[in-house]
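Keep the sequence and the 3D view at hand while reading.

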Amino acid sequence: MSVQKMSKRITAPEITDRKGGAPIVALTSYHAHTAAIADKYVDFILVGDSLGMVMHGFDSTLPVPLDLMILHGRAVMRGAKQALVVVDMPFGSYEESHAQAFRNAARVMKETECGAIKVEGGKRMADTIHFLTERGIPVMAHIGLTPQFINVFGGFKTQGRTRDKWAAIEEDAKAVADAGAFAVVLEAIVEPLAKKITKSLAIPTIGIGASAACDGQILVMEDMLGLSPRVPKFVKEFGEVGKAIEKAISAYADEVRARTFPLSENTYEMKD
Ligand code: KIV
(Lines give C-alpha, C1' and ligand atoms only; values in the text may rest on other atoms or scores of the structure.)
Protein backbone atom coordinates (compact mmCIF):
# COMPACT_ATOMS: atom_id res chain seq x y z
CA MET A 1 0.00 0.00 0.00
CA SER A 2 1.40 3.41 -0.91
CA VAL A 3 1.30 6.17 1.68
CA GLN A 4 0.81 9.86 0.85
CA LYS A 5 1.91 11.22 4.21
CA MET A 6 3.49 9.55 7.24
CA SER A 7 1.96 10.55 10.55
CA LYS A 8 4.13 10.62 13.69
CA ARG A 9 1.07 10.87 15.87
CA ILE A 10 0.89 8.78 19.06
CA THR A 11 -1.46 5.82 18.64
CA ALA A 12 -3.89 4.11 21.01
CA PRO A 13 -1.70 0.94 21.27
CA GLU A 14 1.26 3.17 22.20
CA ILE A 15 -0.78 4.54 25.09
CA THR A 16 -1.59 0.96 26.19
CA ASP A 17 2.14 0.10 26.04
CA ARG A 18 2.82 2.85 28.58
CA LYS A 19 1.13 0.78 31.34
CA GLY A 20 3.25 0.92 34.48
CA GLY A 21 5.85 3.18 32.81
CA ALA A 22 6.35 6.95 32.76
CA PRO A 23 3.07 8.68 33.72
CA ILE A 24 0.78 9.45 30.79
CA VAL A 25 0.00 13.18 30.49
CA ALA A 26 -3.36 14.25 29.10
CA LEU A 27 -5.54 17.35 28.90
CA THR A 28 -8.83 18.26 27.34
CA SER A 29 -8.88 20.74 24.48
CA TYR A 30 -11.73 21.94 22.31
CA HIS A 31 -9.95 24.31 19.90
CA ALA A 32 -7.09 24.46 17.39
CA HIS A 33 -5.13 27.13 19.31
CA THR A 34 -5.09 25.42 22.73
CA ALA A 35 -4.54 22.02 21.09
CA ALA A 36 -1.43 23.34 19.31
CA ILE A 37 0.06 24.43 22.65
CA ALA A 38 -0.93 21.26 24.55
CA ASP A 39 0.42 19.12 21.70
CA LYS A 40 4.00 19.99 22.72
CA TYR A 41 3.58 18.54 26.22
CA VAL A 42 0.89 15.86 26.38
CA ASP A 43 0.53 12.27 25.19
CA PHE A 44 -3.14 12.53 24.34
CA ILE A 45 -5.76 15.25 24.03
CA LEU A 46 -9.37 14.54 24.88
CA VAL A 47 -12.06 16.49 23.07
CA GLY A 48 -14.31 15.99 26.08
CA ASP A 49 -18.05 16.50 26.09
CA SER A 50 -17.26 18.71 29.10
CA LEU A 51 -17.09 21.36 26.35
CA GLY A 52 -20.86 21.61 26.74
CA MET A 53 -20.44 22.97 30.26
CA VAL A 54 -17.03 24.64 29.95
CA MET A 55 -17.48 26.62 26.73
CA HIS A 56 -21.16 26.42 25.78
CA GLY A 57 -22.66 27.17 29.20
CA PHE A 58 -24.87 24.06 29.62
CA ASP A 59 -25.54 22.83 33.20
CA SER A 60 -24.47 19.28 32.31
CA THR A 61 -22.94 17.37 29.39
CA LEU A 62 -26.29 15.84 28.42
CA PRO A 63 -27.39 18.43 25.81
CA VAL A 64 -24.17 18.12 23.73
CA PRO A 65 -24.95 16.98 20.15
CA LEU A 66 -22.72 14.69 18.08
CA ASP A 67 -22.23 17.36 15.40
CA LEU A 68 -20.72 19.72 18.01
CA MET A 69 -18.23 17.03 19.09
CA ILE A 70 -17.25 16.55 15.44
CA LEU A 71 -16.82 20.30 14.87
CA HIS A 72 -14.52 20.64 17.91
CA GLY A 73 -12.76 17.35 17.11
CA ARG A 74 -11.83 18.71 13.67
CA ALA A 75 -10.51 21.95 15.19
CA VAL A 76 -8.34 20.02 17.67
CA MET A 77 -7.00 17.75 14.91
CA ARG A 78 -5.98 20.84 12.92
CA GLY A 79 -4.11 22.21 15.95
CA ALA A 80 -2.43 19.05 17.31
CA LYS A 81 0.05 17.15 15.18
CA GLN A 82 1.69 14.64 17.57
CA ALA A 83 -0.66 13.81 20.43
CA LEU A 84 -3.28 11.10 20.12
CA VAL A 85 -6.67 12.85 19.83
CA VAL A 86 -9.58 11.09 21.54
CA VAL A 87 -13.11 12.37 20.94
CA ASP A 88 -15.91 11.81 23.46
CA MET A 89 -19.13 10.18 22.28
CA PRO A 90 -21.90 12.40 23.70
CA PHE A 91 -24.95 11.21 25.65
CA GLY A 92 -27.49 9.44 23.43
CA SER A 93 -25.08 8.73 20.56
CA TYR A 94 -23.99 5.17 21.50
CA GLU A 95 -26.08 3.60 24.28
CA GLU A 96 -29.07 2.41 22.21
CA SER A 97 -27.52 -0.42 20.18
CA HIS A 98 -24.22 -1.70 18.79
CA ALA A 99 -25.29 -0.47 15.36
CA GLN A 100 -26.00 3.05 16.63
CA ALA A 101 -22.66 3.12 18.47
CA PHE A 102 -20.71 1.95 15.41
CA ARG A 103 -22.51 4.29 13.01
CA ASN A 104 -21.84 7.35 15.17
CA ALA A 105 -18.31 6.38 16.25
CA ALA A 106 -17.38 5.70 12.60
CA ARG A 107 -18.73 9.17 11.71
CA VAL A 108 -16.53 10.72 14.40
CA MET A 109 -13.45 8.81 13.19
CA LYS A 110 -14.07 9.62 9.49
CA GLU A 111 -15.05 13.26 9.88
CA THR A 112 -12.44 14.26 12.49
CA GLU A 113 -9.66 11.76 11.62
CA CYS A 114 -9.10 11.36 15.38
CA GLY A 115 -7.31 8.25 16.68
CA ALA A 116 -9.87 6.98 19.20
CA ILE A 117 -13.22 7.64 20.86
CA LYS A 118 -14.29 7.54 24.51
CA VAL A 119 -17.50 6.15 25.98
CA GLU A 120 -18.78 6.32 29.55
CA GLY A 121 -19.82 3.18 31.42
CA GLY A 122 -18.35 -0.06 32.74
CA LYS A 123 -20.11 -3.41 32.61
CA ARG A 124 -23.12 -1.90 30.87
CA MET A 125 -20.97 -0.73 27.93
CA ALA A 126 -18.53 -3.69 27.74
CA ASP A 127 -20.35 -5.40 24.84
CA THR A 128 -20.39 -2.15 22.89
CA ILE A 129 -16.67 -1.57 23.53
CA HIS A 130 -15.96 -5.08 22.23
CA PHE A 131 -18.18 -4.49 19.16
CA LEU A 132 -16.38 -1.24 18.30
CA THR A 133 -12.80 -2.44 18.88
CA GLU A 134 -13.50 -5.56 16.78
CA ARG A 135 -14.50 -3.21 13.96
CA GLY A 136 -11.45 -0.95 13.99
CA ILE A 137 -12.41 1.73 16.51
CA PRO A 138 -10.04 2.14 19.48
CA VAL A 139 -12.09 2.84 22.60
CA MET A 140 -11.11 4.58 25.82
CA ALA A 141 -13.49 3.69 28.65
CA HIS A 142 -14.60 5.99 31.49
CA ILE A 143 -15.82 4.69 34.86
CA GLY A 144 -16.43 5.96 38.38
CA LEU A 145 -18.16 9.33 38.22
CA THR A 146 -19.54 9.31 34.69
CA PRO A 147 -21.05 12.78 34.10
CA GLN A 148 -23.59 11.50 31.55
CA PHE A 149 -25.14 9.52 34.48
CA ILE A 150 -25.50 12.62 36.64
CA ASN A 151 -29.26 12.29 36.97
CA VAL A 152 -28.90 8.72 38.26
CA PHE A 153 -26.06 9.62 40.66
CA GLY A 154 -27.95 12.72 41.89
CA GLY A 155 -24.94 15.03 41.48
CA PHE A 156 -21.18 15.15 40.88
CA LYS A 157 -20.09 12.89 43.78
CA THR A 158 -16.94 10.92 44.56
CA GLN A 159 -17.52 7.22 43.89
CA GLY A 160 -16.51 4.28 46.12
CA ARG A 161 -16.47 6.26 49.36
CA THR A 162 -17.57 3.16 51.29
CA ARG A 163 -15.99 -0.28 50.80
CA ASP A 164 -19.32 -1.90 49.92
CA LYS A 165 -19.33 0.16 46.68
CA TRP A 166 -15.86 -0.98 45.57
CA ALA A 167 -16.76 -4.36 44.05
CA ALA A 168 -19.09 -2.85 41.43
CA ILE A 169 -16.45 -0.32 40.32
CA GLU A 170 -13.76 -3.03 40.20
CA GLU A 171 -16.09 -5.17 38.07
CA ASP A 172 -16.60 -2.19 35.73
CA ALA A 173 -12.84 -1.78 35.35
CA LYS A 174 -12.28 -5.47 34.60
CA ALA A 175 -15.22 -5.57 32.15
CA VAL A 176 -13.97 -2.66 29.99
CA ALA A 177 -10.38 -4.00 29.99
CA ASP A 178 -11.57 -7.50 29.01
CA ALA A 179 -13.75 -5.92 26.30
CA GLY A 180 -10.69 -4.39 24.63
CA ALA A 181 -10.58 -0.77 25.83
CA PHE A 182 -7.04 0.56 25.30
CA ALA A 183 -7.16 2.68 28.50
CA VAL A 184 -9.71 3.66 31.12
CA VAL A 185 -10.47 7.01 32.75
CA LEU A 186 -11.12 6.73 36.50
CA GLU A 187 -13.06 9.81 37.56
CA ALA A 188 -13.61 10.82 41.21
CA ILE A 189 -12.65 7.50 42.78
CA VAL A 190 -11.12 7.24 46.26
CA GLU A 191 -7.35 6.70 46.27
CA PRO A 192 -7.12 3.13 47.68
CA LEU A 193 -9.65 1.91 45.11
CA ALA A 194 -7.87 3.70 42.23
CA LYS A 195 -4.62 2.08 43.40
CA LYS A 196 -6.21 -1.39 43.55
CA ILE A 197 -7.76 -1.05 40.07
CA THR A 198 -4.52 0.31 38.59
CA LYS A 199 -2.60 -2.68 39.98
CA SER A 200 -5.11 -5.22 38.73
CA LEU A 201 -5.53 -4.02 35.11
CA ALA A 202 -3.26 -4.63 32.13
CA ILE A 203 -4.40 -1.34 30.52
CA PRO A 204 -3.46 2.16 31.78
CA THR A 205 -5.74 4.00 34.18
CA ILE A 206 -6.05 7.74 33.59
CA GLY A 207 -7.08 9.57 36.74
CA ILE A 208 -9.14 12.70 37.20
CA GLY A 209 -9.72 13.26 40.88
CA ALA A 210 -8.58 9.67 41.45
CA SER A 211 -5.10 10.17 42.99
CA ALA A 212 -1.51 9.92 41.78
CA ALA A 213 -1.73 6.11 41.91
CA CYS A 214 -3.11 6.05 38.34
CA ASP A 215 -0.92 5.41 35.27
CA GLY A 216 -1.69 8.89 33.96
CA GLN A 217 -3.62 12.06 34.68
CA ILE A 218 -6.11 14.19 32.79
CA LEU A 219 -7.58 17.58 33.67
CA VAL A 220 -10.01 19.90 31.96
CA MET A 221 -7.65 22.49 30.50
CA GLU A 222 -9.75 25.51 31.50
CA ASP A 223 -9.79 24.23 35.11
CA MET A 224 -6.01 23.88 35.41
CA LEU A 225 -5.44 27.21 33.63
CA GLY A 226 -7.48 29.12 36.21
CA LEU A 227 -10.12 30.03 33.62
CA SER A 228 -13.11 28.19 35.10
CA PRO A 229 -15.24 30.14 37.61
CA ARG A 230 -15.56 27.09 39.95
CA VAL A 231 -13.41 23.96 40.07
CA PRO A 232 -13.52 20.72 42.08
CA LYS A 233 -11.25 20.58 45.16
CA PHE A 234 -8.75 18.15 43.61
CA VAL A 235 -7.91 20.55 40.74
CA LYS A 236 -4.65 22.45 40.98
CA GLU A 237 -4.78 25.77 39.10
CA PHE A 238 -1.41 26.04 37.34
CA GLY A 239 -2.20 29.48 35.89
CA GLU A 240 -4.35 32.58 36.34
CA VAL A 241 -5.60 32.83 32.78
CA GLY A 242 -9.06 34.13 33.75
CA LYS A 243 -7.45 37.06 35.58
CA ALA A 244 -5.01 37.67 32.68
CA ILE A 245 -7.90 37.79 30.17
CA GLU A 246 -9.85 40.22 32.32
CA LYS A 247 -6.82 42.47 32.79
CA ALA A 248 -6.17 42.56 29.01
CA ILE A 249 -9.82 43.23 28.11
CA SER A 250 -10.16 46.02 30.64
CA ALA A 251 -6.90 47.63 29.40
CA TYR A 252 -8.20 47.43 25.80
CA ALA A 253 -11.55 48.98 26.77
CA ASP A 254 -9.74 51.81 28.59
CA GLU A 255 -7.53 52.53 25.55
CA VAL A 256 -10.41 52.51 23.07
CA ARG A 257 -12.36 54.92 25.30
CA ALA A 258 -9.28 57.16 25.66
CA ARG A 259 -8.67 57.01 21.84
CA THR A 260 -5.06 55.85 22.48
CA PHE A 261 -5.75 52.69 20.43
CA PRO A 262 -5.38 52.04 17.51
CA LEU A 263 -2.24 53.95 16.60
CA SER A 264 -2.75 55.77 13.29
CA GLU A 265 0.34 54.24 11.61
CA ASN A 266 -0.87 50.66 12.25
CA THR A 267 -1.10 48.44 9.18
CA TYR A 268 -2.59 44.99 8.69
CA GLU A 269 0.77 43.31 8.07
CA MET A 270 1.68 40.53 10.50
CA LYS A 271 4.16 41.17 13.30
CA ASP A 272 7.40 39.16 13.14
O1 KIV B 1 -15.53 15.35 29.08
C2 KIV B 1 -14.44 15.37 29.66
O3 KIV B 1 -13.74 16.39 29.71
C4 KIV B 1 -14.01 14.15 30.33
C5 KIV B 1 -12.82 14.25 31.23
C6 KIV B 1 -13.24 14.95 32.46
C7 KIV B 1 -12.19 12.93 31.50
O8 KIV B 1 -14.59 13.14 30.16
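Predicted model: local features only at pLDDT ≥ 70, side-chain atom pairs only at ≥ 80, totals over all residues.

Arg18, at 24% relative accessibility, is partly exposed.

A second pair joins Lys19 and Asp215, whose side chains form a salt bridge at 2.7 Å, N to O. This pair links parts of the chain 196 residues apart: Lys19 belongs to the loop between α1 and β1, and Asp215 to the loop between β7 (205-208) and β8 (216-219). Lys19 is partly exposed, with 24% relative accessibility, while Asp215 is buried at 9%.

## Other salt bridges

The count of salt bridges in the model comes to 10. Lys243 and Glu240 form one of them, with their closest N and O atoms 3.4 Å apart. Lys243 has a relative accessible area of 58% and is exposed; Glu240 is also classed as exposed, at 54%.

Asp67, Arg107 and Glu111 are connected through a network of salt bridges.

In soluble globular proteins, nonpolar side chains tend to be buried together. Here the largest nonpolar core has 61 residues, and the members that touch the most others are Ile117, Ile129 and Leu186. Helix α8 (residues 166-179) supplies the largest share of this core, with 7 residues. Apart from this core lies another one, of 16 residues, which includes Ala26, Leu46, Ala116 and Phe182.

Which residues does Ile117 touch, leaving aside those up to four places away in sequence? The contacts of Ile117 are Val86, Val87, Met89, Ala105, Val108, Met109, Leu132, Ile137, Pro138, Val139 and Met140.

Helix α6 (residues 123-133) has the buried residues Met125, Ala126, Thr128, Ile129 and Leu132. The buried residues of α6 pack against α5 (98-112), β4 (116-120), β5 (139-144) and α8.

## The α8 and α9 pair

Two packed helices are described by the angle between their axes and the distance between the axes. For α8 and helix α9 (residues 191-200), the angle is about 35° and the axes are 10 Å apart. The crossing of these two helices is right-handed.

On the α8 side, the contact is made by Trp166, Ile169, Glu170 and Ala173; on the α9 side, by Pro192, Leu193, Lys196 and Ile197. Sorted by class, the contact of α8 with α9 contains 6 nonpolar residues, 2 charged residues and no polar ones.

## Backbone details

Where is a positive phi found in a residue that is not a glycine? Glu113 has such a value, about 65°, and is located in the loop between α5 and β4. At 58% relative accessibility, Glu113 is exposed. Ala188 likewise has a positive phi, near 50°, although this residue is other than glycine. Ala188 lies in the loop between β6 (183-187) and α9 and, with 11% relative accessibility, is buried.

The peptide bond leading from Phe261 to Pro262 is cis, its omega being near 0°. Pro262 is in the segment after α11 (241-258).

## The segment before α1

Met6 is placed in the segment before α1. With a relative accessible area of 72%, Met6 is exposed, because exposed means over 50%. The C-alpha atoms of Met6 and Glu95 are separated by 35 Å, and the two residues are 89 residues apart along the chain.

Definitions and conventions. Residues numbered from 1 in each chain as written. Heavy atoms only, no water. Salt bridge = Lys/Arg side-chain N within 4 Å of Asp/Glu carboxyl O. Buried < 20%, exposed > 50% of the residue type's maximum accessible area, 1.4 Å probe, protein only. Helix = DSSP H or I, 4+ residues; strand = E, 2+ residues; numbered from the N terminus. Core = buried A, V, L, I, M, F, W, Y, C linked by side-chain atoms within 4.5 Å. Contact = heavy atoms within 4.5 Å. Axes fitted to C-alpha atoms, helices over the stretch in contact; angles between N-to-C directions. Left-handed = near helix turned anticlockwise from the far one by under 90°. Nonpolar A, V, L, I, M, F, W, Y, C, P; charged D, E, K, R; others polar.
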